[in-house]
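Please look through the sequence and the structure shown here before reading on. The points below are meant to be checked against them, one topic at a time.

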Amino acid sequence: VLAVSATSPSTRRAPPISPAAPCAMASMRRFIKAAATVFLGVLVAAQEEDPGEDPKTIMEDMDENKDGVLTIEEIINPELVDEEDKENAEYKEFVDQLQKHFKEADKDGSGTLDISELPALIEAFKSAAEL
């Protein structure tokens with residue numbers, strides 16, 4: 001005789017999903033997509049001014065301290081972000097995605113992107129925006 005307890009896997013139920021959860025997730029996905037689009041917009045705007053611009057010119061436009069490499073901070077430019085926005089979950093998710101793509105693009109592990117690494121970051125955001 002096989003006894004089934006009240007807590008066996010066959011009788012356990014997952015807690016109900018809040019009706020707001022799917023909306024929150026959709027909102028977060030829209031924000032991440034929008035943030036990636038803004039980042040790409042900066043790059044595209046720079047290219048539209050001169051269609052012949054290359055990654056070097058784009059980097060020079062974003063490289064605040066003109067050291068020839070791009071940091072995450074230079075992309076995010078925290079001075080332009082309100083403190084309230086920095087606490088927003090969607091903003092934090094964008095920063096997480098940026099850190100992920102940045103790390104993947106940073107082939108030499110220096111913590112910065114040089115001209116040869118910038119196209120990989122741009123491509124990662126283009127791919128994310130298409131999802």
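What follows describes the chain as a whole, then one of its helices, and then its nonpolar core. The model is a predicted one, and its protein chain contains 6 helices and 0 strands, so that the order of elements from the N terminus reads α-α-α-α-α-α.

**The whole chain**
- Of the 131 residues in the protein chain, 30% are buried.
- The accessible surface of the chain comes to about 9,000 Å², and carbon and sulfur atoms account for 57% of that surface.
- When contacts between residues at least 6 apart in sequence are considered, 50% of them join residues at least 24 apart.

**Helix 5**
- The buried residues of helix 5 are Glu-90, Tyr-91, Phe-94, Val-95, Leu-98, His-101, Phe-102 and Ala-105, and because they cover an arc of only 140° around the axis, they lie on the same side of helix 5.
- In an α-helix there are 3.6 residues a turn, so residues three or four places apart point the same way.
- At the N-terminal end, helix 5 is capped by Asn-88, which has a side-chain oxygen 2.6 Å from the backbone nitrogen of Glu-90.

**The largest nonpolar core**
- This core has 19 residues, of which Leu-70, Ile-75, Leu-98, Leu-118 and Leu-121 touch the most other members.
- Two or more residues of the core come from each of helix 2 (55-62), helix 3 (72-76), helix 5 and helix 6 (118-130), with the largest share, 6 residues, coming from helix 5.
- In soluble globular proteins, nonpolar side chains tend to be buried together.

How values were computed. Residues are numbered from 1 along each chain as its sequence is written. This is a predicted model: local features need pLDDT of at least 70, side-chain atom pairs count only at pLDDT 80 or more; totals for chains, interfaces and linings use all residues. Side-chain values use heavy atoms; hydrogens and water are left out. Buried means under 20% relative accessible area, exposed over 50%, partly exposed in between (1.4 Å probe, protein chains only). Helices (H or I, at least four residues) and strands (E, at least two) are DSSP runs, numbered from the N terminus. The arc is that of the directions from the helix axis to the C-beta atoms. A polar contact is a pair of N or O atoms within 3.5 Å; within protein, one must be able to donate a hydrogen and the other to accept it, and residues adjacent in sequence count only if both atoms are side-chain atoms. A nonpolar core is a set of buried Ala, Val, Leu, Ile, Met, Phe, Trp, Tyr and Cys residues joined through side-chain atoms within 4.5 Å. Contact means heavy atoms within 4.5 Å. Accessible areas come from the Shrake-Rupley method with a 1.4 Å probe; for residues, only the protein chains shown count as cover.
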